[in-house]
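Dear colleague,

A summary of the findings follows it.

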Amino acid sequence: MVTKVGVVPAPFPFVPLEREREREMSGAVMMKKKVQRKFKMRGYTLRVDALDAVISFASRFPAAEDDALDLLLDQLDHESLKSSIIDKDPVNRVVSLLLEAEAAVEENPDAAACDGRGSALRVIDAFLVPKFRYDPVKKIFYEHTGSLPIHGEASAKAKLYKDRFLLLYQRLSRDQHFAKPAFETERTEFGSCEISPIQSLVGQTGRRWVMGVISQLEDGHFYLEDLTASVEINLSDYRITTGFFTENTIVVAEGQMLLEGIFKIFTCGFPPLEDRDKTLKALAGLDFFGGGTLTKEETLRLAELEKRAVNDMFIIMSDVWLDNEEAMGKLETVLDGFENEEVVPSLFVLMGNFCSRPCNLSFHSYSSIREQFGKLGQMIESHPRLKEHSRFLFIPGPEDAGPSTVLPRCALPKYITEEFQNRIPNAIFSSNPCRIKFYTQEIVFFRQDLLYRMQRSCLMPPSTEETSDPFEHLVATITHQSHLCPLPLVVQPVIWNYDHSLHLYPTPHTIVLGDKSEQKAFSYTGITCFNPGSFSNDGTFVAYRPCTREVELSALPA
């Protein structure tokens, strides 16, 4: 009989203990994925330390982890976050508040979901919008990952125009009317609609289609430029489509080269629009808007929640002059009215100008504006239901206090808004333009007196074939150009490295154009566009229901 020495069989209890550890590790991984998924659906990304803090909080409620996470997210939405990437500080701050109120939550388990309206809202500052560049060789977009200085180099100005051109060019390349024909027999009555590079026009006869930027390289002489060359154009006998044609706009033109080397234009229009779903499919999940990318399942769930949000309403005002007693009286009337409604608005959007006179170098009353914002805070405080259940978003106007009039404009200076924020801590002060993600819906806000400036900069009178309404021409221009302000840079300067924050690509669901001109609303190719008018001058504002995209043009009685 041989006895083996030193070989001891493992006791049976060790096996289930190992399996228990595996189950614990599996549960931790599942919990981590659940937390990341929930935060991603709200448009947030968690740093490692913040993720640990959230998991630690949720583990306190093993029977109600989902409710705890939803409550945490709802409260985070009330924080003034600088970025969609969250570190541990705001998480710890919110967790501390929730733990103090834990006893009250246990008494009323439905408190975590009593007001889910604010949780649907995500405000994206213009300076946090992702930047993408198109590679015409590989035909794909690359996200810019480096820093974006405010003061760009000279090359950034050239890239601005190149990026605008390539953005529209890749969109046009998918349009069947301008794609290269598969067979030579596929031609229109004037020949192929395939876009020809301007460089290839030399020595060509017959009609050709070109795409280029309208520019004035010499006084009184207009040219079309693309990435290959430029050619002088003749506009003596032309037909144009709806919209305002100014310098720097990108057009698709049909014409013929004359013997003297001038391209005579017969038809001129903007690059055709593309259906939003087709654009999203082509972008393959890239986040151009800035609200975060979602899976198909997450999108369907948010769409279902959006359908149920029938009580959500945004009140949007432009030109809210805080230094004007009459305007403040009108504002109090509006607040009084909504304070007594059964369901209060979920969001008030107040756009500048917030002063009746320009805050330029000759303006020396910044302390008075600070005081007036403090009085506005007192006014909102006197409406407890609005203060508790509504959010307030402030967007600066073209003549408000700030470092310059260049677009995009940063949020109002903290010195001016500090007293207001002490009274209404959940108020949001954002850039101009700014973006809002409401569940699946994308909304762009832009405060600029754009209509007057576009009309003044027009190279030719707009066509009256389809419409004579200037606002409809404006909407057609910015949507086809996929840009909020396609004016020459000498008319409206733009920060070169942040021109992408003015892009309208893919086309958003709703565009709000705050303008001192007449109040208007217009639905164009499925895009809802409206101007709330000048509140201080005309007492006009808009009540917008994002669930149904219904626009109610409202006004106080004269």
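In the protein chain, 71% of the contacts with a separation of 6 or more join residues 24 or more positions apart, a contact meaning heavy atoms within 4.5 Å. This is a predicted model, in which local features need pLDDT of at least 70, side-chain atom pairs count only at pLDDT 80 or more, and totals for chains, interfaces and linings use all residues. Residues are numbered from 1 along each chain as its sequence is written, and side-chain values use heavy atoms, with hydrogens and water left out.

The chain averages a pLDDT (the predictor's confidence in each residue, from 0 to 100) of 86, and 89% of the residues score at least 70. Confidence is highest in strand β13 (residues 347-351), with a mean of 98, and lowest in helix α5 (residues 102-107), with a mean of 41. Residues 103-119 have a pLDDT below 50, and this stretch has 18 contacts in the model beyond near neighbours in sequence.

There are 15 helices and 22 strands, taken as DSSP runs (H or I, at least four residues; E, at least two) numbered from the N terminus. Of the 558 residues, 49% are buried, that is, under 20% relative accessible area with a 1.4 Å probe, protein chains only.

Yours sincerely

Key:
Buried < 20%, exposed > 50% of the residue type's maximum accessible area, 1.4 Å probe, protein only.
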